[in-house]
Amino acid sequence: AAVPVLVDSGSTSGLKLHEDDPLLWLFEPTMVHVSVRFAHVELNYAGRLQNQYALGPLTLVEPIVALGDSTRLLGAQLLEHLILTFDQKNHRIRMRAADEKRIESEPYHSLGLGLRPRKTGMEVTGVFKNTPAAKAGIVKGDLVTHIDEQFVHDRGCDDMERTRLEERSLTIERDGETFRVEVQPAVLVP
């Protein structure tokens with residue numbers, strides 16, 4: 001299928017889809033995380049498309065699309081499979097496959113909560129229904145101070161990748177009390 005895209009070399013390393021193109025879903029979008037912006041909190045959804053999509057030398061098999069308030073990103077982490085050459089003079093990008101030519105998106109795993117950075121930890125901005133965070137009793141306003149006994153601000157982003165399934169131990173502050181919960185990430189988008 002032909003899909004117009006805009007390369008997004010930001011944190012998601014995906015491709016922005018044209019907003020007017022209809023999308024055929026294999027798995028309907030579900031809320032997967034919250035992005036904190038300067039003036040508001042943005043709810044982010046993800047779903048899996050039907051079919052295969054050709055993108056230059058690549059074939060995307062049932063890719064995951066991330067949906068925000070103003071974006072539709074195809075194939076999170078897609079750019080890691082490409083070698084891009086930028087021709088600034090002619091306003092062109094050349095894409096070559098870095099290794100394999102058939103890309104299959106991994107399922108999207110998550111604890112099911114949104115977080116906002118604070119000085120003493122990460123404030124829970126939302127807990128999604130029927131997710132591990134909701135089942136563990138985490139609520140909006142909780143302050144997550146440690147993950148696996150390490151202060152949250154001392155951790156790297158790679159440590160919380162969406163494909164990891166290991167159980168997490170979260171230290172939480174609520175109403176002056178500190179407690180720990182064990183949470184197993186779950187598949188939010190198969």
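Trainee: Where is asparagine 130 placed?
Mentor: Asparagine 130 sits in the loop between strand S14 (121-127) and helix H1 (132-135). Helices (H or I, at least four residues) and strands (E, at least two) are DSSP runs, numbered from the N terminus.

Trainee: And how do the residue numbers work, and what kind of model is this?
Mentor: Residues are numbered from 1 along each chain as its sequence is written, and this is a predicted model, where local features need pLDDT of at least 70, side-chain atom pairs count only at pLDDT 80 or more, and totals for chains, interfaces and linings use all residues. Side-chain values use heavy atoms, with hydrogens and water left out.

Trainee: Back to asparagine 130. Is it buried or exposed?
Mentor: Asparagine 130 counts as exposed, because its relative accessibility is 67%. Buried means under 20% relative accessible area, exposed over 50%, and partly exposed in between (1.4 Å probe, protein chains only).

Trainee: What about its phi?
Mentor: Asparagine 130 has a positive phi of about 60 degrees, although it is not a glycine. Most residues other than glycine have a negative phi.

Trainee: Zoom out. How many helices and strands are there?
Mentor: The protein has one helix and 19 strands. Of its 190 residues, 37% are buried.

Trainee: What does the contact pattern look like across the sequence?
Mentor: Take contacts between residues at least 6 apart in sequence: 48% of them join residues at least 24 apart. Contact means heavy atoms within 4.5 Å.

Trainee: Where is confidence lowest, and where is it highest?
Mentor: Strand S1 (residues 5-7) is lowest, at a mean of 49, and strand S18 (residues 177-183) is highest, at 96. Those are pLDDT values, the predictor's confidence in each residue, from 0 to 100. Residues 8-13 have a pLDDT below 50, and beyond near neighbours in sequence this stretch has 15 contacts in the model.

Trainee: And on average?
Mentor: The protein averages a pLDDT of 78, and 74% of the residues score at least 70.

Trainee: Now S18. How many bridges join S17 to it?
Mentor: Seven bridges join S17 to S18, and the two run antiparallel. Two strands pair if DSSP finds at least two bridges between them. Glutamate 173 stands opposite threonine 178 in S18.

Trainee: What happens at the turn of that hairpin?
Mentor: There are two residues between the strands S17 and S18, and aspartate 175 takes a positive phi near 50 degrees there. Aspartate 175 is exposed, with a relative accessible area of 77%.

Trainee: Which side chain does arginine 168 make a polar contact with?
Mentor: The side chain of aspartate 148, at 2.8 Å. A polar contact is a pair of N or O atoms within 3.5 Å; within protein, one must be able to donate a hydrogen and the other to accept it, and residues adjacent in sequence count only if both atoms are side-chain atoms. Arginine 168 belongs to strand S17 (residues 168-174). It counts as buried, at 4% relative accessibility.

Trainee: Where does aspartate 148 come in?
Mentor: Aspartate 148 takes a positive phi near 55 degrees in the hairpin of S15 and S16, which has two residues between the strands.

Trainee: How many residues of S15 are buried?
Mentor: Four of its five residues are buried, so strand S15 (residues 143-147) is mostly covered.

Trainee: Which strands does S15 pair with?
Mentor: S14 is joined to S15 by two bridges, running antiparallel. S15 and S17 pair in the antiparallel sense over four bridges. S15 and strand S16 (residues 150-151) also pair in the antiparallel sense, over two bridges.

Trainee: What stands opposite methionine 122?
Mentor: Valine 144 in S15. In S17, the bridge partner of valine 144 is isoleucine 172.

Trainee: New topic. What is the strand order in the open sheet of three strands?
Mentor: The order is S5-S6-S11, with mixed pairing. Strand S5 (52-55) and strand S11 (102-104) are the edges, and each pairs on one side only. Strand S6 (residues 58-61) and S11 pair in the parallel sense over three bridges. Leucine 60 stands opposite isoleucine 103 in S11.

Trainee: What does glutamate 62 touch?
Mentor: Leu26, Arg48, Leu49, Asn51 and Ser105, not counting residues up to four places away in sequence. Glutamate 62 lies in the loop between S6 and strand S7 (64-67). Glutamate 62 and serine 105 are 43 residues apart in sequence and 7.2 Å apart in space, C-alpha to C-alpha.
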